[in-house]
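Subject: A structure for you to explore

Hello! Here is the structure I promised to send you. Have a look at it, and then read my notes below.

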Amino acid sequence: MEKVIIVGSGCAGLTAAIYAARANLNPLVLEGRQPGGQLSTTTLVENFPGFSEGIDGPQLILNMHQQAEKFGARFSYAEVTDYEARNDHIRVMADDEWLETQALIIASGASARYLGLDDEEKLIGHGLTSCATCDGAFYKNVPVAVVGGGDSAAEESTFLTRFASKVYLIHRRDQLRASKIMQERVFANKKIEPIWNTVITKYLPDEKGEMSGVRLRNVKTNEEHDLPVACVFVAIGHDPNTRAYQGKLETDPDGYLIARKLVESKHPGVFIAGDVADRVYKQAVTAAGSGCAAAIEAERYLSDLENSKAD
Ligand code: NAP
């Protein structure tokens, strides 16, 4: 029986781990298949308080990981696929094994969304990706496309100009939703060419199965044309990783967990932190804040539990 299991090792999970470990709860962090969460695939984080020159996302995550480990957090790459909670009996299925715990913090984050077009699964890793930091350097001196109009699309487009000969920013509207500072960087960069009011209708792989271009449709005129690109970087948002909890904990129509009083779930001893329940802010610092709150609530819950057993 564990005292605290934390599902997820992004900003929320690691902050919860630091707090739970410092409270001597010896937490077990189930990192899952993408350790470090979304920060591990971003570039410079400029808005995390305390880093006035910015800090690389993977470095920030590494620092948090080391900080949690220093205080006694334990880590496993196991992935959680199922969950049960009855009375004060909580357990998660992690790599085919049920692990029991007195308190659980769900900080499983969110995963990149793709467009849902034909051949998508086959093309991922062959010129289709959601991670510019991971794959950008493979596409030197060739044209690439980024899809989306938010901060991720703006950031990835700007980053990719370090490598690509040209970056087409394909957006379904005629306005970016990215923050003003990110938009200014995009518009000031001569290597980025926005393609407005346009969606991708088809990926065009070559005979080896590598991306060689995309078919585009202008949503205003319905005109279609093909655009040769060596890679498509999809940056159209994320879906919460909540499959293990569907039908068991409360979710909104898009699958985000619903937290009561900031981090509580409907099951006593089960707490929720970070992007798995956040469809509004989705910032590293808000994820860290809720991870901290979840760990403090878990600690209070465990000491109440202990006191009630002693009575
Ligand atoms: P987002 O803000 O939700 O933007 C998603 C973009 O993709 C939108 O422009 C949306 O178009 C478009 N889109 C969604 N579904 C689509 C589809 N099926 N086909 C074509 N386009 C589609 O997501 P995000 O850019 O990943 O950002 C998420 C959060 O992280 C935000 O709060 C953002 O501020 C934050 N973030 C911050 C930074 C930073 O500060 N350094 C970096 C990255 C992300 P519409 O505009 O038409 O809806």
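Which side chain is joined to that of D275 by a polar contact of 3.3 Å? The partner is Q38. A polar contact here is a pair of N or O atoms within 3.5 Å; within protein, one must be able to donate a hydrogen and the other to accept it, and residues adjacent in sequence count only if both atoms are side-chain atoms.

Before going on, a word about the source. This is a predicted model, in which local features need pLDDT of at least 70 and side-chain atom pairs count only at pLDDT 80 or more, while totals for chains, interfaces and linings use all residues. Residues are numbered from 1 along each chain as its sequence is written, and side-chain values use heavy atoms, leaving out hydrogens and water.

Back to D275. You will find D275 in the loop between β19 (270–272) and α7 (284–310). Helices (H or I, at least four residues) and strands (E, at least two) are DSSP runs, numbered from the N terminus. D275 is buried but has no salt bridge, and the nearest side chain of opposite charge, K282, is 7.2 Å away. Buried means under 20% relative accessible area, exposed means over 50%, and partly exposed is in between (1.4 Å probe, protein chains only). For charge, Lys and Arg count as positive and Asp and Glu as negative; His and the chain ends are not counted. A salt bridge is a side-chain nitrogen of Lys or Arg within 4 Å of a carboxyl oxygen of Asp or Glu. Leaving aside residues up to four places away in sequence, D275 touches Q38, G109, A110, Y256 and K282, where contact means heavy atoms within 4.5 Å.

Next, the domains. The chain is divided into domain 1 (2–112 + 239–310) and domain 2 (120–234), with bounds that come from an automatic or database domain assignment. Their C-alpha centres lie 32 Å apart. Six residues of domain 1 are in contact with seven residues of domain 2. About 520 Å² is buried between the two domains, and carbon and sulfur atoms give 52% of that area. In domain 1, T41, T43 and E46 lose the most area to domain 2, together 70% of what that side buries. Buried area is the accessible area (1.4 Å probe) that two parts lose on being put together, summed over both.

Across this interface the rule finds one salt bridge and two residue pairs in polar contact.

Now for the salt bridges. The whole structure has 14 of them. E46 lies in the loop between β3 (44–45) and β4 (55–56) and R185 in helix α6 (residues 180–188), so this pair ties together parts that are 139 residues apart in sequence. The E46 and R185 side chains meet at 3.2 Å, N to O. E46 is partly exposed at 45% relative accessible area, and R185 is partly exposed too, at 34%.

K166 and E193 form another salt bridge, at 3.0 Å, N to O. K166 lies in strand β12 (residues 166–170) and E193 in strand β13 (residues 192–195), so they tie together parts 27 residues apart in sequence.

E184 also forms a salt bridge with K180, with the closest N and O atoms 3.2 Å apart. These two are four residues apart in helix α6, separated by about one helical turn. Finally, E84, R86 and R91 are linked in a network of salt bridges.

Enjoy exploring!
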